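Keep it short and give the cut-offs.

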Amino acid sequence: MYYDNKPDEVFSLLDSDKGGLSSASACERLSIYGRNRLSEKPARNPFLIFLDQFKSALVIILLIAAVISAAVGEIVDSAVIFAIVVLNSLLSLYLTLKAEKSIRSLKGMLSHKANVLRNNMSEIIDAELLVPGDIVLLESGSTVPADIYIFNSVNLHVDQSSLTGESVAVGKQSGVQNAETPVTERTNMVFMGTIITMGRATGIVTATGMQTEFGRIAGLAKSIDTGTTRLQLKLDILGRKLGIASVLIAFAIFVLGLFQDRELLSMFLVGVSLAVAVIPEGLPAVVTITLALGVRNMINRNCLIRNLSATETLGEISVICTDKTGTLTKNEMTVRSIYCGARFYTVTGEGYQPEGKILSEEAPADDAILNRLILTGMLCNNTDVFLQDGKYTAAGTPTEGALVTLGMKYGISSNERTRNRSFAKEIEFTSSRKRMTSIYLENGSYCLYCKGAPEQILACSALYASSDGLKELTPAVKVELEDVYYRMAGEGLRIIALGYRMIEDPNLSDNELEDALIFLGFTGISDPPRPEVREAVEKCRDAGIEVIMITGDSPVTARSIGREIGISTDNAVCGVEIDRMNDDELGEILKECRVFARVTPEHKFRIVKQLQMQGHVTAMTGDGVNDSPALKQSDVGIAMGIKGTDVAKDASDMILTDDNFASIVDGVEEGRRQYENIRRFTNFIISANFGEIITILLAMLMHMPVILFAVQILWINLATDSALALALGTDRSAPDSMKSPPRPHNTDILNRETVGFLLFMGLWIGGLTAGIFYFMLKAGLPEAEARSAAFIGLIIFEMIHMFNFREADVSVFRKSYLDNKSLNIAWLATFAAQLVIIYWQPAQDVFYTRPLSMNDWFFISLAGLSIILMAEIYRVLRNVLIK
Ligand code: ATP
């Protein structure tokens, strides 16, 4: 259906017209057809996730041990172990569900947009809101948002590989198809999920969501890539190593207990509980939540993460390769000067507001060449400038918007494009060609208008327009014109050259058409740097991150902008020079050069690869269709949210919602913070667990009674590994996080330096706890009270020890302790839970606790203080030894 109908029939079948649906009709259809999306994988059943927690062999052993204790009459013990295991699993379930939920909500933010006509006005809407009958405008680089019948197109080419598997672009145009035509050969239809690689089109939506061809085949929506991140993988390996180590230690403790003739079941329970407690099984969920929460923070900093691993990699970035236009600069383009007919003109006015004058000291501004130049700028153009909410806006590209505004200032209305002429053909602009051509039929003959980078237009021109008529563009004239171009570009202006010619046959090849042009002149467009970029570049320098500008613009303009924002412009290199270099030479150049100009997307790819060969972790920005390979190759591919194509966005790991370079640097800072937080709580958990092992070992070696019962060990694990660790993950970044070089790629969470600290502090905490037990027993206090003091003491020590992981390199006397609200709440809640356990009678029975006296609290607090002091002593000693 539809493809074998004429456009008028399709309009009436879908009850729509060329002006689009009315808002009311669109709304009504949305309620009938539903949102334009593919069904998603159903969320995992929470009960299955809960059961998953019991898969661990150790937990099963622990449960068996609990059953045995019940059998021999230790009913309370057995029930508490059960309860704690269930509580732990519920906590894991909660964390897992929370992680999955945050990831699902992120997915909504990655939706595609669609350009539709509604109520006769063009508007950008969420592609999910499209309904059959909507009129959609499609441009090169966009993903087709639904199944669409094409009734108008210019040079349309579509990559249908998502449907057919073949990635050769196929041409599409309007025209009725035979009823037997197979789906993918229907040239008047474009299908959801396919990509416009070239040209543009207008069409009417025939099917949405699961009714589309793609919906029928694929069925399931692509979502944010949450596959295991490198960090999660590293932690997994670390967790496994720790797991093996703790099982061995627990076994050793069990055997030691047997040698010491301790009670078999009690030692078995202690051993297994210790193993369960020490294995950081909650770590993966805490990491996922930290990363997912981090993604939210990233959004506040205008970085939309498409791939959870990107957050981690961002923190390791050692070089950022960035586009210039729109990323380093504002992308607010205004024509400032014109050169044509051997004269310079100055243009006044700001932005797209068509108010301003074209002035020249030497000539009146109604020169015929100037007239033709400005007209060429308007006709070789796909952008509209119009008044919206009291402000002139450009719908299209800013460069072209500037040229339309110039025309309007000159008194040419934008309707000129259709008055007395009809559009015949376009050869579209691409970053590789750096020029664009439009052909119109005017009074029976074809006129070709071309604009582009000066090098391109000069190379295609045979004549030039002068006040004495058309003249041959000799090499000498070309040199003079290039001189003018460099002078204009030297002021930081973006230069567009313009030319035209009359042609007989618009069906010649592109090269034949864009040949023997009549050169008209240059326009100089200003695009000032974003004010915040200079500071961001400086921040990168402090953070040991190189910034490389890679632009399609001219080297002279690039240098001028580079100087303004503080990028070294000593060795600017051009794309043609890169072409002449082999990979080694390019690698050598990359050690020095920070500005690459007149590059094509292919150069970007080579540059990234070479940087990676040199061991750099790279971030690369991109917006065009052809930028995908470079974006995919770089460690963090960054697509522009505003001017980026769907193709670039789909190839990226992160989307910059404001296209701003400064946001990338914010993202890096956030990435560093998150990694640092994950490292903090991982180290905290490991150090605390190590303290527990030492406590039990020391008590046994000193032939004391059992210092901690199984239920107490399990409780400690629950108290410290959950709320505190999670809250530590929300910590702010250290003040100097952007003052040190990036951490080396793939560094281990546990390095030699941290292991030293963890062991040292673990020994100290274990020693203190065993010491309390020893001295209280020695002082003749009841064993139960001494054990309670050791139990609560150990928890309090770990809670205090947590502060040692905040701002690890800052002295304890200068550290801020109370500035993380969630940490304060988690800390107080954990502390309150301990009070309940020692002072509430039923809890006392379950956890074998006795109320602590003021004296006990005094000693525990004093010992607790020493934990902070020992960390400081370690820090000072380490600094002295390193120096
Ligand atoms: P960046 O790569 O930093 O974003 P850019 O936008 O200048 O820089 P391109 O879009 O590849 O890079 O443009 C390269 C050159 O092509 C520009 O310097 C300009 O001379 C010319 N150009 C840009 N846009 C157009 C256009 N719409 N039509 C014709 N020529 C254009």
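## Ligand site

A nitrogen atom of the ligand lies 3.1 Å from an N or O atom in the side chain of glutamate 400. Taken alone, the ligand exposes 610 Å², and the protein buries 92% of that. Accessible areas come from the Shrake-Rupley method with a 1.4 Å probe; for residues, only the protein chains shown count as cover.

This is a predicted model: local features need pLDDT of at least 70, side-chain atom pairs count only at pLDDT 80 or more, and totals for chains, interfaces and linings use all residues. Residues are numbered from 1 along each chain as its sequence is written, and side-chain values use heavy atoms, with hydrogens and water left out.

| Ligand atom | Side chain with the N or O atom | Distance |
|---|---|---|
| nitrogen | glutamate 400 | 3.1 Å |
| oxygen | threonine 551 | 2.9 Å |
| oxygen | arginine 598 | 3.1 Å |

A polar contact is a pair of N or O atoms within 3.5 Å; within protein, one must be able to donate a hydrogen and the other to accept it, and residues adjacent in sequence count only if both atoms are side-chain atoms.

Which residues come nearest to the ligand? Of the 19 residues around the ligand, they are Lys324, Thr325, Arg494, Thr551 and Asp553. A residue is near a molecule or strand if one of its heavy atoms lies within 4 Å of it. The shell residues divide into five nonpolar, five polar and nine charged. Here Ala, Val, Leu, Ile, Met, Phe, Trp, Tyr, Cys and Pro count as nonpolar, Asp, Glu, Lys and Arg as charged, and the others, Gly among them, as polar.

Strand 20 gives the largest share of the shell, three residues. Helices (H or I, at least four residues) and strands (E, at least two) are DSSP runs, numbered from the N terminus.

Why does the ligand lie between domain 3 and domain 4? Domain 3 (304-329 + 530-659) and domain 4 (335-524) both give residues to the shell around the ligand, so the ligand lies between them. Domain bounds come from an automatic or database domain assignment.

## Overall layout

The protein has 30 helices and 27 strands. Its C-alpha atoms fill a box of roughly 115 × 65 × 50 Å, taken along the principal axes. Besides domains 3 and 4, the division gives domain 1 (1-219) and domain 2 (235-300 + 667-882). The C-alpha centres of domain 1 and domain 2 lie 44 Å apart. Of the 883 residues, 55% are buried. Buried means under 20% relative accessible area, exposed over 50%, and partly exposed in between (1.4 Å probe, protein chains only).

## Loops

Asparagine 120 sits in the loop between strand 1 (113-118) and strand 2. Its phi is near 70°, a positive value in a residue other than glycine. At 64% relative accessibility, asparagine 120 counts as exposed.

Alanine 127 is in the loop between strand 2 (121-126) and strand 3 (135-139). With 9% relative accessibility, alanine 127 counts as buried. Alanine 114 is 13 residues from alanine 127 in sequence, and their C-alpha atoms are 5.0 Å apart.

Threonine 194 lies between strand 6 (189-190) and strand 7 (195-207), in a loop. It counts as buried, at 0% relative accessibility. A polar atom of the threonine 194 side chain lies 2.5 Å from the backbone oxygen of phenylalanine 191.

The loop between helix 16 (510-513) and strand 21 (517-526) holds alanine 516. Glutamate 514 has its place in the loop between helix 16 and strand 21 too. Is glutamate 514 buried or exposed? At 2% relative accessibility, glutamate 514 counts as buried. A polar contact of 2.6 Å joins its side chain to that of threonine 437. Alanine 516 is partly exposed, with a relative accessible area of 36%. Phi of alanine 516 is near 50°, a positive value in a residue other than glycine.

Helix 26 (residues 752-778) has 27 residues and reaches 38 Å from first C-alpha to last, close to the 39 Å expected at 1.5 Å a residue. The expected span is 1.5 Å times one less than the number of residues. Just after helix 26, glycine 780 takes a positive phi of about 85°.

Helix 27 (residues 783-801) has 19 residues and spans 26 Å from its first C-alpha to its last, close to the expected 27 Å. Helix 27 is mostly covered, with 17 of its 19 residues buried.
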